[in-house]
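I opened this model to look up its sheet, its nonpolar cores and its aromatic pairs. My entries follow in the order in which I made them.

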Amino acid sequence: MKSLKDLEIIPCIRDSRFKSVLIENPNVLASLISSITPINYEDLKDNMLIKVNEIPISSDNEKFKKCDFIVEFEDDYNEFKINIEANAFFYPDIKNKNTEYIMSIYGTKTENNKLEKEKQRNNNGKEKKKVIIQINLNDYGINNKVLTKYMISDPTDGEIYVDNFVIYTLNVAKCYEMYYNLDSNIPDYVRWGAFFHSNKYNELNAFIGKMLKNQEKDKLLRKVKDINMRKDGTLTRRECKEWGKYIEDSLKRQAIEEGLTQGRAEGLTQGRAEGRAEGRAEAIEEKNCEIIKSMLENNIDYELISKEIGRAHV
């Protein structure tokens with residue numbers, strides 16, 4: 001049996017792993033936020049409050065809304081509410097969904113401000129500024145940008161309309177490429193992006209570098225190890241299913257990209273290209289389910305499942 005260092009892991013950008021890693025390692029979350037925003041790491045790590053899946057329902061027809069993380073933090077002059085989303089897979093409505101999250105948060109904070117004006121004041125007696133931030137970690141490439149900052153502004157001259165409503169997007173796939181193309185002075189946000197994108201355990205320590213203390217780094221790497229393999233070096237049945245889902249999504253993403261490329265070459269619309277890719281992805285998913293089910297029944301470890309599925313769709 002190979003060691004974990006010789007095996008692929010499910011990237012930490014994946015939903016369940018993303019939440020598990022960050023909830024149990026809040027210093028990682030603080031470092032990630034401070035690498036992308038102007039918020040100071042030392043101030044953040046000692047004072048932030050982490051909340052999961054807290055999005056208010058906006059209509060009677062909605063049963064629930066889920067986000068990945070909301071971090072609340074205050075300094076002497078500002079009250080921050082930071083929504084963090086891990087987007088492992090692209091779909092056409094993803095920007096609208098994430099924008100709906102941050103608008104819901106913004107609306108809730110505005111309403112609450114009426115009730116908390118006296119409570120939220122700094123040492124000079126002035127009302128604290130309410131700042132809403134969303135950070136999107138995207139594991140796909142729509143363009144070549146690595147880190148992008150969005151604000152509400154005039155498109156003609158760039159004049160900022162409000163400065164307390166900010167969206168950042170970090171392309172973690174591009175971060176991974178950039179890490180290996182830079183000789184020195186690698187920004188921390190590039191290191192974290194590469195960390196969350198990587199599917200190789202033996203790369204993670206180098207990505208982290210000196211962003212964390214040794215004890216914090218060891219704790220983080222142990223957590224990644226624990227959620228990817230058991231003590232005997234094999235995956236649980238549930239983890240095998242998650243690994244299979246990861247492979248299916250990767251193949252689906254590849255199929256969509258191939259479909260879009262072919263569509264452009266033939267002068268077809270993007271909608272037709274996506275439709276063709278979706279049909280191919282459904283066939284891949286059905287095929288993978290049959291393969292994974294058969295292998296799980298025979299207690300085959302995830303590396304062999306990965307190789308078999310990859311070979312079946314070459």
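**Aromatic pairs**

I started at F207, which is buried, with a relative accessible area of 0%. Buried here means under 20% relative accessible area, exposed over 50%, and partly exposed in between, with a 1.4 Å probe and protein chains only. I note that this is a predicted model: local features need pLDDT of at least 70, side-chain atom pairs count only at pLDDT 80 or more, and totals for chains, interfaces and linings use all residues. Residues are numbered from 1 along each chain as its sequence is written, and side-chain values use heavy atoms, with hydrogens and water left out.

I found 12 aromatic pairs in the structure. Rings of Phe, Tyr and Trp (its six-membered ring) pair if their centres lie within 6.5 Å; planes under 30 degrees apart count as stacked, over 60 as edge-to-face and the rest as tilted. One of the pairs is Y176 with Y180, edge-to-face at 5.4 Å centre to centre and 65° between the planes. These two are four residues apart in helix α5, so about one helical turn separates them. Helices (H or I, at least four residues) and strands (E, at least two) are DSSP runs, numbered from the N terminus. I looked up burial for both: Y176 is buried at 18%, while Y180 is partly exposed at 46%.

Y180 also pairs edge-to-face with F207, at 6.1 Å centre to centre and 75° between the planes. Because Y180 lies in α5 and F207 in helix α7 (residues 204–208), this pair ties together parts that are 27 residues apart in sequence. Elsewhere, ring pairs link F18, F69, W192, F195 and F196 into a cluster.

**Cores**

I then looked up the nonpolar cores, which are sets of buried Ala, Val, Leu, Ile, Met, Phe, Trp, Tyr and Cys residues joined through side-chain atoms within 4.5 Å. The largest has 52 residues, and L137, W192, F195 and F196 touch the most other members. Helix α2 (residues 26–36) gives the most to this core, with six residues. Another core lies apart from it, with six residues, among them I70, I105, F165 and I167.

**Sheet**

Last, I traced an open sheet of six strands in the order β1-β2-β3-β4-β6-β5, with mixed pairing. Two strands pair if DSSP finds at least two bridges between them. The edge strands are β1 (49–51) and β5 (147–151), each pairing on one side only. β1 and β2 (residues 69–74) pair in the antiparallel sense over three bridges, and K51 stands opposite I70 in β2.
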